[in-house]
Amino acid sequence: MYTHLTRIKKHFEYVVSITFGAFFGVFYVGIPLLKDWFIKREDVWRLEDRSDAIPKLNAQTSIYGNHKTLIINGKTFHYVEAGNVHGPLILFLHGFPEFWYSWRYQLDGLKDMNHHLVAIDMRGFGGSYKPRDLEEYNPDHLLADIRSFIQELSPNGRAACVVGHDWGGIIAWAAAAQSWECDHADQSGYMERLVILNAPHTLVISNNFTQKFLNAFYVLNLKHLIKHPRQAIRQSWEHVLPCFNQIFMSFYLFIFRLPFSIGEKWLMSRDLGIIDHCVGSIPAEHITPDDVEIYKATYSSDNYASVTCSLNYYRSEAMTGMYDGQRARGIKQVGFIGIPTLVIWVSSLLISLLIKLKGKIILLSNRVRKILR
């Protein structure tokens with residue numbers, strides 16, 4: 001029964017996703033690109049040659065830590081480490097469109113706190129294993145990568161702390177739930193602390209969406225609709241309005257899931273212009289033109305494999321199936337986190353303001369020290 005309902009739900013989610021993707025694709029991809037191409041006569045498909053940039057990149061970024069590789073089940077993963085390699089492990093998981101370099105300030109700012117700091121290139125990113133097969137990005141593989149890193153690099157096979165942002169945070173939530181499940185069953189869990197930066201627990205988002213639509217349905221009961229039609233419709237709309245606001249803010253997610261490599265074409269247009277857009281609100285002294293080139297060079301490597309591989313996170317079951325394994329195992333508290341957790345959530349505007357403040361690394365260092373005690 002569970003399997004049958006799950007299949008129906010996944011098919012429904014796919015149809016909804018493609019519908020929204022087609023709508024957003026026209027307005028956010030098709031029209032702007034055609035406008036630049038025909039009206040402004042811009043070469044929106046131009047790509048700079050950065051084929052020789054990676055060796056220079058590794059030499060240039062060695063000031064932040066040592067570049068190393070780890071082989072997991074025959075697959076090579078790249079990471080950068082700093083601090084005391086014999087100390088408790090702090091594992092940093094990046095988001096999209098990023099790689100280990102996003103944590104360079106943390107590696108530098110926390111290196112003297114006697115912990116082993118490790119920022120990895122996750123599967124499909126940077127210098128790590130880049131499979132193009134969608135199946136390689138299912139939750140089991142992504143969680144196994146994190147678990148293997150911890151067990152290989154932590155002195156006691158357990159992580160002092162996992163810090164995740166964006167996709168790294170989504171995976172960190174699920175890894176923490178899986179680790180707690182092991183601990184709860186008197187087995188060896190592999191996480192002891194969790195820090196999340198701007199990444200939702202996907203079950204919370206799913207439950208909130210479901211509840212808001214249910215509330216809207218209950219408000220529209222026949223009796224209330226007949227007696228007070230305008231009030232019933234207004235109250236129902238107030239329940240679902242936050243959901244539609246979130247859908248419109250997450251328009252890119254639906255575009256990435258479209259077929260025919262539409263997401264790849266969009267990312268690669270205007271010489272990987274999405275990276276320019278992502279860093280546009282950050283002051284130049286913290287994201288320099290050289291930093292932007294480093295990101296673009298990394299995404300240009302391996303014949304732009306990182307572009308497709310990074311989008312596979314959105315196209316695979318990682319988006320909706322992070323906790324299917326727990327459900328299938330009959331876990332009563334699916335997604336439950338039983339370890340000390342710090343969640344930091346700030347808007348892009350607040351990020352722009354905070355990043356201008358002096359001593360930002362000291363502030364983060366104090367926060368991390370506190371949670372590790």
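Biologist: In strand 6, which residue is the bridge partner of His165?
Modeller: Leu197 is the bridge partner of His165 in strand 6. This is a predicted model, so local features need pLDDT of at least 70 and side-chain atom pairs count only at pLDDT 80 or more, while totals for chains, interfaces and linings use all residues. Residues are numbered from 1 along each chain as its sequence is written, and side-chain values use heavy atoms, with hydrogens and water left out.

Biologist: How many bridges join strand 5 to strand 6?
Modeller: Four, and strand 5 and strand 6 (residues 194–197) run parallel. Strands here are DSSP E runs of at least two residues, helices are H or I runs of at least four, and both are numbered from the N terminus. Two strands pair if DSSP finds at least two bridges between them.

Biologist: And what pairs with strand 5 (residues 161–165) in the parallel sense over four bridges?
Modeller: Strand 3, residues 89–93. There, Leu93 has Gly164 of strand 5 as its bridge partner.

Biologist: What about strand 7, which residue there stands opposite Ile196?
Modeller: Val343. Strand 6 and strand 7 run parallel and are joined by four bridges.

Biologist: What is the strand order in the whole sheet?
Modeller: The order is 1-2-4-3-5-6-7, an open sheet of seven strands with mixed pairing. Strand 1 (66–72) and strand 7 (341–344) are the edges, each pairing on one side only. On average, neighbouring strands are turned by 20 degrees against each other, direction ignored. Axes are lines fitted to C-alpha atoms, for helices over the stretch in contact, and angles run from 0 to 180 degrees between N-to-C directions.

Biologist: What span should helix 5 have at 1.5 Å a residue?
Modeller: For residues 167–184 it should be 26 Å, and the end C-alpha atoms are 26 Å apart, which agrees. The expected span is 1.5 Å times one less than the number of residues.

Biologist: At what angle does helix 4 pack on helix 5?
Modeller: About 75 degrees, with the axes 10 Å apart. That makes helix 4 roughly perpendicular to helix 5; the class covers 65 to 115 degrees, with under 35 roughly parallel, over 145 roughly antiparallel and the rest oblique. Leu142, Leu143, Ile146 and Arg147 in helix 4 meet Ile171, Ala174, Ala175 and Gln178 in helix 5, contact being heavy atoms within 4.5 Å.

Biologist: New topic. How many salt bridges does the structure hold?
Modeller: 16, each a side-chain nitrogen of Lys or Arg within 4 Å of a carboxyl oxygen of Asp or Glu. One of them joins Arg158 and Glu192, with the closest N and O atoms 2.9 Å apart. Arg158 lies in the loop between helix 4 (139–153) and strand 5 and Glu192 in the loop between helix 5 and strand 6, so the pair ties together parts 34 residues apart in sequence.

Biologist: What does Lys296 form a salt bridge with?
Modeller: Asp276, with the closest N and O atoms 2.7 Å apart. Lys296 is in helix 11 (residues 289–315) and Asp276 in helix 10 (residues 262–278). Lys296 counts as buried at 5% relative accessibility, whereas Asp276 is partly exposed at 35%.

Terms used. Buried means under 20% relative accessible area, exposed over 50%, partly exposed in between (1.4 Å probe, protein chains only).
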